[in-house]
Amino acid sequence: MKPKEFIAAIEAGDMDEKLKAVYVTDYAVEAQKPRYIRLINEFIKLFGEGRDIIITSAPGRTEVCGNHTDHNNGKVLAASVNLDAVAVAAKNDEGVVRVKSDGHAMNVVDTTELLPDEAEFGHSTAMVRGVVAKIEGLGYKIGGFDCVTTSDVIGGSGLSSSAAFEVLLGTTLSYLYNDGVISSVEIAKIAQYSENVFFGKPCGLLDQMASSVGTFVTIDFESTENPKIKKVDFDFSKSGHSLCIVDTGGNHSDLTDDYAAVRAEMESVAKALGKDVLREISFDDFKKAVPSLLGRVSDRAILRAFHFYRENIRVAKAVSALESNNFDEFKKVINESGRSSYMYNQNVYTPKNPAEQKISLALCISEDVLGVNGAYRVHGGGFAGTIQAFVPNELLDEYKTAVENVFGKGSCHVLIIRPVGGTRVL
């Protein structure tokens with residue numbers, strides 16, 4: 001279908017059902033229509049209106065349970081959210097990929113030049129090149145295409161805007177040149193490869209997998225080469241809750257060593273017991289060894305190890321609660337995860353600046369408004385930034401007002417768990 005034909009179909013409501021399969025509610029569908037039409041018009045402006053186009057989408061993600069476990073080969077529960085990156089794309093016969101994203105210069109990649117280049121590290125062109133290279137390396141078809149993208153995945157929120165962009169590119173190539181046969185798991189691994197090898201960032205697989213697979217997904221990283229991935233069958237739209245991501249406005253600067261210390265301290269315990277990561281040691285063996293660890297590793301390292309082991313157990317409990325449609329039990333587990341992150345993993349504020357505790361304040365306000373009716377915990381890496389809350393819909397207005405009275409209008413982002421991951425929408 002040509003661009004202007006798509007616009008006419010969207011305006012006439014002919015695409016409503018396809019949009020609703022991704023965005024769930026009638027209200028969300030209506031909100032997406034002008035966004036899609038604007039992006040199609042941007043494609044026409046840059047690349048013309050003579051070719052058939054496709055429209056693809058890849059969501060942001062949220063870490064639901066499993067805080068700071070993946071780097072020690074632990075378990076994680078994550079989910080896709082309704083904020084997404086969208087692409088309008090068409091094949092070209094030039095063997096060149098052109099990607100123009102809102103607010104950024106155009107990325108241009110020659111499909112005959114697909115080797116990593118350190119000069120491109122940290123630039124989005126490297127992500128494009130890496131995705132194309134890996135898809136070709138796996139034996140799939142590649143070719144040139146022209147593409148415009150837009151994203152409402154909030155940068156710096158822990159929702160993984162970069163993973164959404166990479167998954168979007170992989171999904172687009174899958175549908176343009178491979179009839180959509182590249183699996184969501186493969187696309188996630190392609191995206192991770194691009195970020196590791198071409199972009200120069202040694203990330204794990206969590207972000208890309210949650211974005212690509214969609215809805216709730218649990219990942220067991222006992223084998224980092226072949227993690228166990230399981231889609232969790234749960235319809236969040238029927239839970240009676242909304243997912244809120246609260247931006248506390250905390251200072252993100254100079255936190256690299258705080259993040260690194262969590263992993264390093266967990267691994268210091270493992271190394272003291274003759275292994276590389278905690279997953280290689282059973283919980284029982286760790287507990288028996290605690291007396292011998294005193295003085296050999298820091299007390300905080302031992303506490304963080306306790307958090308790791310118990311968090312793995314909590315991930316399994318949270319998955320079981322969702323699969324049995326017991327959302328009250330699920331919320332209980334999430335609150336336990338939040339308390340453990342606060343007390344034992346200790347990633348709610350940085351010890352370099354203990355007077356600044358905006359995440360702690362957001363959790364305190366959440367407890368005051370929600371009590372046992374909701375669930376709330378630090379979101380992502382922690383130390384500053386965002387919290388996550390599952391809020392009963394009847395308390396949503398009260399909760400949003402209470403949070404925004406403290407952290408400012410627009411600080412509470414009300415989301416839903418999206419039912420699909422990377423996909424062709426239209």
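Why are E404 and K400 separated by about one helical turn? The two residues are four apart in helix α13 (residues 396–407), and therefore about one turn of the helix lies between them; helices here are DSSP runs of H or I with at least four residues, strands are runs of E with at least two, and both are numbered from the N terminus. This is a predicted model, in which local features need pLDDT of at least 70 and side-chain atom pairs count only at pLDDT 80 or more, whereas totals for chains, interfaces and linings use all residues. Residues are numbered from 1 along each chain as its sequence is written, and side-chain values use heavy atoms, with hydrogens and water left out.

**Salt bridges**

- The structure holds 28 salt bridges, a salt bridge being a side-chain nitrogen of Lys or Arg within 4 Å of a carboxyl oxygen of Asp or Glu.
- E404 and K400 form one of them, with their closest N and O atoms 3.2 Å apart. E404 counts as buried at 13% relative accessibility, while K400 counts as partly exposed at 28%; buried means under 20% relative accessible area, exposed over 50%, and partly exposed in between, with a 1.4 Å probe and protein chains only.
- Salt bridges that share partners also join R35, D84, D152 and R418 into one network.
- In helix α3 (residues 26–47), K33 and E30 lie three residues apart, about one turn of the helix, and their side chains meet in a salt bridge with an N to O distance of 3.0 Å. K33 counts as buried at 10% relative accessibility, whereas E30 is partly exposed with a relative accessible area of 44%.
- The side chains of K20 and D26 meet in a salt bridge of 3.1 Å, N to O. K20 is partly exposed at 31% relative accessibility, and D26 is exposed at 51%.

- Strand β10 covers residues 386–392, and seven of its seven residues are buried.
- In a regular strand the side chains alternate between the two faces of the sheet.
- Both faces of β10 are covered, with T386, Q388, F390 and P392 buried on one side and I387, A389 and V391 buried on the other.
- Strand β8 (residues 241–247) pairs with β10 in the antiparallel sense over seven bridges, where pairing requires that DSSP finds at least two bridges between the strands. Within this pairing, C244 has A389 of β10 as its bridge partner.
- Strand β9 (residues 375–378) also runs antiparallel to β10, and four bridges join them; here A375 stands opposite F390.

**S242 in strand β8**

- S242 has its place in strand β8 and counts as buried at 9% relative accessibility.
- The side chains of S242 and N393 are joined by a polar contact of 2.8 Å. A polar contact is a pair of N or O atoms within 3.5 Å; within protein, one must be able to donate a hydrogen and the other to accept it, and residues adjacent in sequence count only if both atoms are side-chain atoms.
- Not counting residues up to four places away in sequence, S242 touches F236, A389, F390, V391, N393, L396, V414 and L415, contact meaning heavy atoms within 4.5 Å.

- The side chain of T350 makes a polar contact of 3.0 Å with the side chain of D258, and, not counting residues up to four places away in sequence, T350 touches L255, D258 and F383.
- G130 sits in helix α4 (residues 124–137) and is buried, with a relative accessible area of 0%. Leaving aside neighbours within four places in sequence, G130 is in contact with Y193, S194 and F198.
- The C-alpha atoms of G130 and V81 are separated by 25 Å, the two residues being 49 apart along the chain.

**A nonpolar surface patch**

- L46, M106 and V108 make a nonpolar surface patch of about 220 Å². Patches are made of residues with over 30% relative accessible area and no salt bridge, like charges being joined within 9 Å and nonpolar side chains (Val, Leu, Ile, Met, Phe, Trp, Tyr) within 5 Å.
- Accessible areas come from the Shrake-Rupley method with a 1.4 Å probe, and for residues only the protein chains shown count as cover.
- V108 is found in strand β4 (residues 107–110) and is partly exposed, with a relative accessible area of 46%.
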